[in-house]
Amino acid sequence: MRIAVVGGGRMGQLIQANLEAAEDLHYAGTAGHLGGGTLADIEGQVDGIIDFSNPANLDMIVEYTKDRPIPMVIATTGHTPEQVEIIRELAARMPVVFTATCSPGVSILEEALRHIAPALRETWDIEVIEKHHNQKLDSPSGTAKLLVRAVDGEETLDRVYGREGNRKRGREIGIHAVRGGNIVGDHTVLFAGDDEVLEFTHRASSRQIFAGGSLIAMRFALQAAPGLYSMKDVLFK
């Protein structure tokens, strides 16, 4: 199976290297602003698409797949609500794994939080802290938003992004973004109760976990029926 990569930055290059090392998947080419062309410029058949780039590339993906129902993995963050709706429309015609992170560990943490949070949400204070490198554009991260939804999917608590000034804490989740150096990605969900604290932390040591996870998701998409999937579907199928 020949897989096209959208995004020619560090992640795109790492995904390319993983595809070139795989036995069952093959690198077809790169498209996107840093890739020097569009999907239509890639020669030969394209059996799957991994998008790890920028929301600006979504229009190109839509145009290329208009007459080609190609399985895809979209791991780009920062889409507008309108773009998310476009992705949902794509998934009506082809299998789409749409995820804020391809990290298997984060997906396992997300599932654990869904089970744990109901027992703590009413009486414990909750904070989400994420840290990334100084080149990351969107904040809070897509993974932080994913974890917040896992903790409080029904939005019974207010979202407070950072804090300043004088105010008492309400029924809320505090969400904090740190940007500095070359931090790959740290995410902590903190539950603070009376005289005790629980912390759940995922720390990415390298970008390889995201590249490897994107191939796991791609293998799932290649076998799946049309529909919108998450890494939870990939890992807990």
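Residues are numbered from 1 along each chain as its sequence is written, and side-chain values use heavy atoms, with hydrogens and water left out. Because the model is predicted, local features need pLDDT of at least 70 and side-chain atom pairs count only at pLDDT 80 or more, while totals for chains, interfaces and linings use all residues.

How many salt bridges does the structure hold? There are 14, where a salt bridge is a side-chain nitrogen of Lys or Arg within 4 Å of a carboxyl oxygen of Asp or Glu.

Let's start with Asp 24 and Arg 219, whose closest N and O atoms are 2.7 Å apart. Asp 24 sits in the loop between helix H1 and strand E2, and Arg 219 in helix H6, so this pair ties together parts 195 residues apart in sequence. Helices (H or I, at least four residues) and strands (E, at least two) are DSSP runs, numbered from the N terminus.

Now look at helix H4, which holds both Glu 110 and Arg 114, four residues apart, about one turn. Their side chains meet in a salt bridge at 2.6 Å, N to O. Is Glu 110 buried or exposed? Glu 110 is buried, at 8% relative accessibility, while Arg 114 is partly exposed at 36%. Buried means under 20% relative accessible area, exposed over 50%, and partly exposed in between (1.4 Å probe, protein chains only).

Last stop: Glu 127 forms a salt bridge with Arg 163 at 2.9 Å between the closest N and O atoms. Glu 127 is in strand E6 and Arg 163 in the loop between strands E7 and E8, 36 residues apart. Salt bridges that share partners join Asp 125, Glu 127, Arg 163, Arg 167, Arg 169 and Glu 172 into one network.
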